[in-house]
Amino acid sequence: MKITDIRAKTPDQLDDDLASLKKEQFNLRFQKATGQLEKTARVREVRRDIARIKTVAAENAAKKA
């Protein structure tokens, strides 16, 4: 997910994306623990996407305050 795509989204969309990424992160951790994880790089991508969304949400909150 690119930062320009994230910045173009509304706060509600960011919350939805964050929730789905957190679910995916949980599932990936579960797959890793059981030895079923095939794309190990996806764990890193999801973690970074979560950080990007949280950063943009914090920037938006700072602009409103």
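The structure is a predicted model, in which local features need pLDDT of at least 70 and side-chain atom pairs count only at pLDDT 80 or more, while totals for chains, interfaces and linings use all residues. Residues are numbered from 1 along each chain as its sequence is written, and side-chain values use heavy atoms, with hydrogens and water left out.

The protein chain contains three helices and zero strands, where helices (H or I, at least four residues) and strands (E, at least two) are DSSP runs numbered from the N terminus. Along the sequence these give the pattern α-α-α. With a radius of gyration of 14 Å, well over the 11 Å that the globule rule gives for 65 residues, the protein chain is more spread out than a compact globule. Here the radius of gyration is taken over C-alpha atoms, and the globule rule is 2.2 Å times the number of residues to the power 0.38. The box filled by the C-alpha atoms, taken along the principal axes, is roughly 45 × 15 × 15 Å.

Burial and surface can be read next. Of the 65 residues, 18% count as buried, a term that means under 20% relative accessible area, with exposed meaning over 50% and partly exposed in between (1.4 Å probe, protein chains only). The protein chain carries 16 positive and 10 negative side chains, and the centres of the two sets are 6 Å apart. In this count Lys and Arg are positive and Asp and Glu negative, without His and the chain ends, and the place of a charge is NZ of Lys, CZ of Arg, CG of Asp or CD of Glu. Among contacts (heavy atoms within 4.5 Å) with a separation of 6 or more, 64% come from residues 24 or more positions apart.

Helix H2 spans residues 11-34. Its 24 residues reach 35 Å from the first C-alpha to the last, close to the 34 Å expected at 1.5 Å a residue, the expected span being 1.5 Å times one less than the number of residues. Buried in H2 are Leu14, Asp17, Leu18, Leu21 and Leu28. The cover over these buried residues includes helix H1 (3-7) and helix H3 (41-64). Just after H2, Gly35 adopts a positive phi of about 80 degrees.

Helix H3 also has 24 residues, and its end-to-end C-alpha reach of 35 Å is likewise close to the expected 34 Å. Its buried residues are Val46, Asp49, Ile50, Ile53 and Val56, with H1 and H2 among the elements that cover them. An α-helix has 3.6 residues a turn, so residues three or four places apart point the same way.

Leu14 is buried at 3% relative accessibility. Beyond residues up to four places away in sequence, Leu14 touches Ile6, Lys9, Ile53, Val56 and Asn60. Its C-alpha is separated by 9.8 Å from that of Ile50, 36 residues apart along the chain. Asp17 is buried too, with a relative accessible area of 17%; leaving aside neighbours within four places in sequence, Asp17 is in contact with Met1, Lys9 and Ile53.

With residues up to four places away set aside, Leu21 touches Val46, Asp49, Ile50 and Ile53. The C-alpha atoms of Leu21 and Asn60, 39 residues apart along the chain, are separated by 20 Å. Lys22, at 38% relative accessibility, is partly exposed. Apart from neighbours within four places in sequence, Lys22 is in contact with Ile50 and Lys54, and its C-alpha is separated by 8.2 Å from that of Val46, 24 residues along the chain.

On the H3 side, Val46 is buried at 0% relative accessibility. Not counting residues up to four places away, Val46 touches Leu21, Glu24, Gln25 and Leu28. Asn27 is 19 residues from Val46 in sequence and 11 Å from it in space, C-alpha to C-alpha.
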